[in-house]
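Student: I would like to understand how the words used for a structure follow from its values. Could we go through some of them together?

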Amino acid sequence: AEPMVQKHLESLQSSYGNGLETGALQRLTNLLLVEGLTDIQQKEHDILQVETTKGLPSTSKSIPLEKLFLPLSKVSIPPRISVTVGVAGIGKSTLVKLFVCSWAKGEISRDILFVLPLTFKELNTHEKLSAERLLSSACPHIPAGATRTLLILDGLDEFKTPLDFSNAAVCTDPKKEIQVDNLITNIIRGNLLQEASVWVTSRPAAAGQIPSGLVDRMTEIRGFGAAEMKDFLDHMFLDNRDLSSQVLQHIRANRSLHVLCTIPGFCRISASSIAYFLKHSSDQSQEATVVPRTLSEIYSYYFKMALSGDWLEKPREALRIEQAVNTSKKLVGSLGRLAFYGLLRGKHVFYEQDMKAYGIDLSLLHSCLSTRLLLKEDMPASTAFYFSHLTIQEFLAALYYYTAAKRAIFDLFVESGVSWPKLGFLSHFRSAVQRALQAEDGALDVFLRFLSGLLSPPVNRLLSGWLLLRDEQGGWRSQAVDALQGCLGSEHAVSWRAVNAMRCLHELQHTDPAQAVEEAMRSGTLGGMLTPANCSALAYLLHVSDVCLEEVNLSNCLTYSVCKSLLSQLLFCHSLRLDNNQFKDDVMELLGSVLSGKDCQIQRLR
């Protein structure tokens, strides 16, 4: 079997070694060792998870990559099922590449004889598989019954079928062809391939499909620290250190943006955008006054850059730009529809038949536009397409919805089939607000932020003539604000949906409610102000305001019911002052229950 093994190692090195930039990988050689998923990881959008934890690691316990599959102590056994979670764009697939490559070179985990990397993107292309065929698809020349094997399953969140552990039929025959989702549950349960170790990577919410009792080790990928962010940007703008430090200054000056830039995938998009803005801000035109601060502004610059094919590298002649713009408008139209309906179904990977069904011209996809927006991966049986980051899919979906809502006469959330007539942009906007409120897992939160942002005057200025009509949003804006403010005071507790509605108002550039509460916090006059709507504004400020950075001072202003409504948000304040409030005794019980919670980040409480 020796030459077989050698052949396997060589093929892994060639297919996994390309595109690994050594500079940015140090972060991935140490993973956080976590006990399980927090509430917020199971129930909320990836972006919101990072905003809430401020991009800081959730634990101080870590484990080096080379020990990932070893026992933690001399008396314990090695983990059979390991799960590594991380938000979209944090580097899960890069981590797998790094591990496979280091293993193939003999640098780590030498006790493992065979590493068999597979992605759920590939598994989606099979209807049925047996355990034996699964192994040989990862390594054609693996001897039967090979021991000390590690099976890697990358990207559970991209799998087309939810894993159902409670109803899956038991299968113990490795030759039997069964549904792929059933095969995976039987492998994880240990009915099949019980000799092999299994390593699953996933975005946090999807990892919750695997019952925690079956997971022997859970780890999490952490985002950039300060030095790593700087290195990443220096690497991105190798030939222009000045630009790199200007971009970093811009990111650091904006607290919300800085937190999100701890995600490499997001940092790359923001940095390209800001660099494009800085490069063009000397063209003294009207739009040069828009300094990208909100998400929608950053993504508008990014798309503008994509549509004009201007990647800071080479100037284009005007005629070709006009052609490119027309082609890309068409492409954004069809890609946007794919993005929107994909988002509604929780679908983030598309295949050739999906592209055809949405009328996307595959020959157009090879333009430089698409590689910034859409990536493709060739697999033995087919080609997979996916957006370069989850937020790119969400922005495109919002652009599609915005443009379609102007002329649609039926509910856009119902793709085929019959719905009540719906007329007018605003009724479609309200419908999107309602759908986002009802979405279980916050899946439409960021889509709604972008949709709101497209109604802001600066974004309209940036994209008018490209994807929007100049000033068309003027008449809709105040009613859109009303629709969003309607989400603020309805429940007894401030929900994440209400906080998201505040973020939508920020994208829309309607910042009065937040500013009024922030002023009152500064001057210590919050006392009589905390209506339900202002409680939502306060909850939002806890996450974004500089007033709350060092310490959140809520002395002299809380009643028992206000405190109760804010509990789910106060959890995430590192330092909290609640003195001189007229509390009843039972508030202590409430606080006690909060302090013992899994998500709680409070370190100092007065």
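This is a predicted model: local features need pLDDT of at least 70, side-chain atom pairs count only at pLDDT 80 or more; totals for chains, interfaces and linings use all residues.

Student: How do you know that the reach of α23 is close to what is expected?

Tutor: Helix α23, residues 512–523, has 12 residues, and from its first C-alpha to its last it reaches 17 Å, which is close to the 16 Å expected at 1.5 Å a residue. After the helix comes G524, whose phi is positive, near 70°.

Student: Why is H8 called buried?

Tutor: Buried means under 20% relative accessible area, and H8 has 2%, so H8 counts as buried. H8 lies in helix α1, residues 2–17, and, leaving out residues up to four places away in sequence, H8 touches W103, F114, V115, L116, A138, C139 and H141.

Student: Why does I409 count as partly exposed?

Tutor: The term covers what lies between the buried limit of 20% and the exposed limit of 50%; I409 has 46% relative accessibility, and therefore I409 counts as partly exposed. Its place is in the loop between α17 (390–405) and α18 (425–438).

Student: Which residues make the nonpolar surface patch of about 320 Å²?

Tutor: That patch is made by I409, together with F410 and L423.

Notes:
Residues are numbered from 1 along each chain as its sequence is written. Side-chain values use heavy atoms; hydrogens and water are left out. Patches are made of residues with over 30% relative accessible area and no salt bridge: like charges are joined within 9 Å, nonpolar side chains (Val, Leu, Ile, Met, Phe, Trp, Tyr) within 5 Å. Accessible areas come from the Shrake-Rupley method with a 1.4 Å probe; for residues, only the protein chains shown count as cover. A salt bridge is a side-chain nitrogen of Lys or Arg within 4 Å of a carboxyl oxygen of Asp or Glu. Helices (H or I, at least four residues) and strands (E, at least two) are DSSP runs, numbered from the N terminus. Buried means under 20% relative accessible area, exposed over 50%, partly exposed in between (1.4 Å probe, protein chains only). The expected span of a helix is 1.5 Å times one less than its number of residues. Contact means heavy atoms within 4.5 Å.
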